[in-house]
Every structure is written in C-alpha cells, then in structure tokens.
Amino acid sequence: MDECTSNIQKYTMITQDNKLKAELSLGGNWEDELKILGLLVWTLIAGTEYFLYPAFGWVMFVAVFYWVLTVFFLIIYMTMTYTRIPQVPWTTVGLCFNGSAFLLYLIAAIVDASSVTKELDSHNYNSWAASSFFAFVVTSCYAGNTYFSFISWQSRTLQ
C-alpha cells in the first residue's frame, strides 16, 4: 500500500512539474485573456467596412493570425500534448511565439491607432477606437508573456 501511495505522489509531482514547465515555457497562463481580448480586436474591426482601408487589413491579419495561434497553443497546453512531444524545445517555441506576437501586435496597434480618425467614417469610429484600445491591451499582455517566456528560457538554458 505504501508503494502505491508513493507512486501516486511521484506521478502527481511529475505532472505538476511538467504543467509548471509548460506554463512557463508558453508564457504563463494568460492564454484565456489573450484569446478573449484578441477576439475583441478583430471582431470590432470585422464589423465595419475595414476592407476600404488597407491599414485595417494589416491589423486584421495580425489579430486573426495570432488569435488562431494562441487558441492552438491553448489546446496544446490543455491536452498536455507538450509532454508527448519532448523533442520540441517548448521554452524556445514560447519565447519566439510571444516575442513575435508582441512585436507585430505593437506595430498593428500603432497602425490601428494612427488610422482612427473621425474624417474617415464617423459610423465606424467607435469600433475602430475600441479595437485600437484593445490592441494595446493585447500588446501589453504579449509583452508580459514574452518576459515570462524569456525568464523560463533563460533558466532552461542555464541548466
């Protein structure tokens, strides 16, 4: 009976350790917030005539692309697929993903904010302004994820 309890405790510790490593390697556990906020960015733009203005097309591309990838990594995290594929350097993948998301979302947020004017189309002004705000919120979340991914990557390379 003690051996069985000991094995269960070892398994629990290994599972919790792997979960913590995955959280750190993928940049914490902010995927839910990013999924919701990213969804807000592109749905606020998609509900307007964004296709008339090329700048909003770029913002839509970045928002939808990283929203899909964030959902993909969330599914990998929830199904614990990362434990079945140990050959993939998940800390490096998380750092590259979050770093590129931060950089491209920052550019998209700046483009979004600079493209919002009342002269373009007063009907779409509020949606574009809100999407600009949420784009900067998502950018700050990806910046935090990039920081935590870097800390995880740095501690992983020092071992």
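Colleague: How are helix 3 and helix 4 oriented to each other, roughly parallel or roughly antiparallel?

Modeller: Happy to start there, with the reminder that this is a predicted model. The axes of helix 3 and helix 4 cross at roughly 155°. Angles over 145 degrees count as roughly antiparallel. Helix 3 and helix 4 are therefore roughly antiparallel.

Colleague: Within what distance do the axes of helix 3 and helix 4 come, and is the crossing left-handed or right-handed?

Modeller: The axes of these two helices come within 9 Å. As for the hand, helix 3 passes helix 4 in a crossing that is left-handed.

Colleague: Which residues make the nonpolar surface patch, and which helix gives the largest share?

Modeller: The patch covers about 470 Å² and is made by Trp58, Phe61, Phe65, Leu103 and Ile107. Two elements give two or more residues to this patch, namely helix 3 (54-78) and helix 4 (90-115). The largest share, 3 residues, comes from helix 3.

Colleague: Let's pick one of those residues. Is Phe61 buried, partly exposed or exposed?

Modeller: Phe61 has its place in helix 3 and is one of the residues of the nonpolar patch. The relative accessible area of Phe61 is 47%. Buried means under 20% and exposed means over 50%, with partly exposed in between. So Phe61 counts as partly exposed.

Colleague: Now for the loop. What is the phi of Met80?

Modeller: Met80 is found in the loop between helix 3 and helix 4, and is partly exposed at a relative accessible area of 29%. Most residues other than glycine have a negative phi. Met80 is not a glycine, and yet has a positive phi of about 55°.

Colleague: Where is Val137 found, and what separation do the C-alpha atoms of Val137 and Ala109 have?

Modeller: Val137 is found in helix 5, residues 125-158. With a relative accessibility of 24%, Val137 counts as partly exposed. Val137 and Ala109 are 28 residues apart along the chain, and their C-alpha atoms are separated by 9.2 Å.

Colleague: Stepping back, how many helices and strands does the protein chain have?

Modeller: From the N terminus on, the elements run α-α-α-α-α. The secondary structure therefore comes, with helices and strands taken as DSSP runs, to 5 helices and 0 strands.

Colleague: And one last point: what percentage of the residues count as buried?

Modeller: A residue is buried when its relative accessible area is under 20%. The protein chain has 159 residues, and the share that count as buried is 34%.

Technical notes
Residues numbered from 1 in each chain as written. Predicted model: local features only at pLDDT ≥ 70, side-chain atom pairs only at ≥ 80, totals over all residues. Heavy atoms only, no water. Patch = residues over 30% accessible without salt bridge, like charges linked within 9 Å, V, L, I, M, F, W, Y side chains within 5 Å. Areas by Shrake-Rupley, 256 points an atom, 1.4 Å probe, with all protein chains shown as cover. Salt bridge = Lys/Arg side-chain N within 4 Å of Asp/Glu carboxyl O. Helix = DSSP H or I, 4+ residues; strand = E, 2+ residues; numbered from the N terminus. Buried < 20%, exposed > 50% of the residue type's maximum accessible area, 1.4 Å probe, protein only. Axes fitted to C-alpha atoms, helices over the stretch in contact; angles between N-to-C directions. Parallel < 35°, antiparallel > 145°, perpendicular 65-115°, else oblique. Left-handed = near helix turned anticlockwise from the far one by under 90°.
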